[in-house]
Amino acid sequence: MNAFSDAFLYLNDPFNWTGPRGILYLAGQHLQIAGLAMLIGLVVALPPAIWLGHRGRGGAFLLGLSNVSRAVPTLAILTIFAVTSIGFTIWAPVIALAVFAVPPVLANTYVGFREVDRDVVEAARAMGMSGRQVVFRAELPLALPLVMTGIRTAAVQVVATATLASLLGNPTLGTVIRSGFGRQDYGIVVAGALLVAALAMATDALLGTLSWAVTPGQKRVPFGRVRSRRAEAAGVATAR
Amino acid sequence: MLSAASGAVLAADAAPNPWFDVSWVGDNWSTIMPLVGQHVRLTVVSVVIGALIAFPLALLARRARGLAAAVLGLSTFVYTIPSLAMFAFIAPFTGLSETTVAIGLVLYSLVVLVRNFLAGLQAVPEEVREAARGMGYGAGRMLLRVELPLALPGIMAGLRIATVSTVALVTVGVIVGQGGLGQVIIVNGFGANYYRPPIVFGTLGCVVLALVADQLLAVVERLLTPWTRQGVAA
């Protein structure tokens, strides 16, 4: 296909990378939006998820939340924040994306803490650990793989979805795709799509490695098991 | 198509811009209804085609473990491609058409459907299969009479999740000018001086469509699995 060779021509031109509003600038903006959104999402989602998982309550609520979140189009949330008083700053997409980072982190963290063997918790208590110590020294290390899965799923989703912020005028890698459509130049469109897909996959690989590094106990090969949020939720839904 | 968003920062000062306006819906009925229709059409077509592809894939994947890994790996890979990029990849081949959007949506729905179909089929207890085999059931009859009914909860769960997420994803089709309610949000709302009623209508429309579709499939599931209710009643 012609568009693919055009895409490589576009990507091979250094000016397209370093020029004003070039790929490097757009990728930086893209990562800034995604990074801030993840930060907010984690700050909002982790404490209640850990608490609910520790207490073993709220499963139905979290399941419902993650199901509802699936029905709300990202595009709509992005647009709605932009037309409030937040306006056309970087914060409209950041908050919108943070909203979408919350459900996978919540659900996975909750499940991770719930699935910690009750005997382990009892043993930790019997050793004289306080509630806080049980959470951070016994439950957290054991729940970490699932917690990381949630964070990884959310991060990939946020990086991928940050692309849509370009539809509202925020410079991201989606801007490349849009400008390609605007000029009816499918080479640029494909180049932008390749860039976005590469960034999403790099994020997944990076967090996969991180997850592998922080997991205590026997190390398994990274990237052996990749799970998506939907598959995760699907597993819960099927088990119901 | 989308360029309207960039050039509309002008006279936003005096015009009223309510969050919700019933009269707007009435006045624009003739333009928004075709878009709602397109939204429903794209969702139904994508999920149906997705299911038709996913079922044989799940059957094949169940037979061979290597194939299962390949199918699941590929579908996970597809899922990491952002929706905007997905439509951008397909557009050079199929242009700014509904086909572009449908192909992208089918690919996304496959991720959910294959996993759930496979999980549903694998959930059939081996003893049940043994028993059916003992009663002289062949492969085809076993699939239709034994495995399929027992796999139905998993299959329906997959269909419901795929449908709900497809409804939300259709909106992104606005990038190729075929976005259903996404068109209402971006073109009628965002592109028209950030006019709020279309934006809110498009958003709520998507959520309502998703919930209605989900409930319809729940009813279908109930009708298809009468034995689960008999068990509860008895």
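Predicted model: local features only at pLDDT ≥ 70, side-chain atom pairs only at ≥ 80, totals over all residues.
Mentor: Residues are numbered from 1 along each chain as its sequence is written, chains are lettered from A and ligands numbered from 1 in the order in which they are written, and side-chain values use heavy atoms, with hydrogens and water left out.

Trainee: What makes up the secondary structure of chain B?

Mentor: Chain B has 10 helices and zero strands, where helices (H or I, at least four residues) and strands (E, at least two) are DSSP runs numbered from the N terminus. Chain A, for its part, has 11 helices and zero strands. The C-alpha trace of chain B spans about 80 × 45 × 20 Å along its principal axes.

Trainee: How do you know how many residues of chain B are in contact with chain A?

Mentor: Contact means heavy atoms within 4.5 Å, and 44 residues of chain B are in contact with 44 residues of chain A. Within chain B, residues 24 or more positions apart account for 76% of the contacts with a separation of 6 or more.

Trainee: What area do chain B and chain A bury between them?

Mentor: The size of an interface is often given as the accessible area lost when the parts come together. Buried area here is the accessible area (1.4 Å probe) that two parts lose on being put together, summed over both, and for chain B and chain A that is about 4000 Å², 81% of it on carbon and sulfur atoms. Tyr79(B), Leu84(B) and Phe89(B) supply 14% of the area that chain B buries against chain A, more than any other three residues.

Trainee: How many salt bridges are counted between chain B and chain A?

Mentor: A salt bridge is a side-chain nitrogen of Lys or Arg within 4 Å of a carboxyl oxygen of Asp or Glu, and the count between these two chains is zero. The side of chain B that touches chain A takes its largest share, seven residues, from α4(B). By class, that side has 32 nonpolar, 10 polar and two charged residues, given that Ala, Val, Leu, Ile, Met, Phe, Trp, Tyr, Cys and Pro count as nonpolar, Asp, Glu, Lys and Arg as charged, and the others, Gly among them, as polar.

Trainee: Why does Thr203(B) count as buried, and which residues does Thr203(B) touch?

Mentor: Thr203(B), in helix α9 of chain B, counts as buried because its relative accessibility is 7%. Leaving aside residues up to four places away in sequence, Thr203(B) touches Ala76(A), Ile80(A) and Ile185(B).

Trainee: What makes Arg118(A) and Glu139(A) a salt bridge?

Mentor: The closest N and O atoms of Arg118(A) and Glu139(A) are 3.8 Å apart, and the rule asks for a distance within 4 Å, so the pair qualifies. Arg118(A) lies in helix α7 (residues 118–126) of chain A and Glu139(A) in helix α8 (residues 131–162) of chain A, so the pair ties together parts that are 21 residues apart in sequence. Arg118(A) counts as partly exposed because its relative accessibility is 36%, while Glu139(A), at 0%, counts as buried.

Trainee: How do you know that Arg160(B) and Asp214(B) link distant parts of the chain?

Mentor: Their side chains meet in a salt bridge (2.9 Å, N to O). Arg160(B) is in helix α7 of chain B and Asp214(B) in helix α9 of chain B, 54 residues apart. Arg160(B) counts as buried at 16% relative accessibility, and Asp214(B) counts as buried at 17%.

Trainee: What joins Arg62(B), Glu126(B), Arg129(B) and Glu147(B) into one network?

Mentor: Salt bridges that share partners join these four residues, and a search of the whole structure finds nine salt bridges over all chains.

Terms used: Buried < 20%, exposed > 50% of the residue type's maximum accessible area, 1.4 Å probe, protein only.
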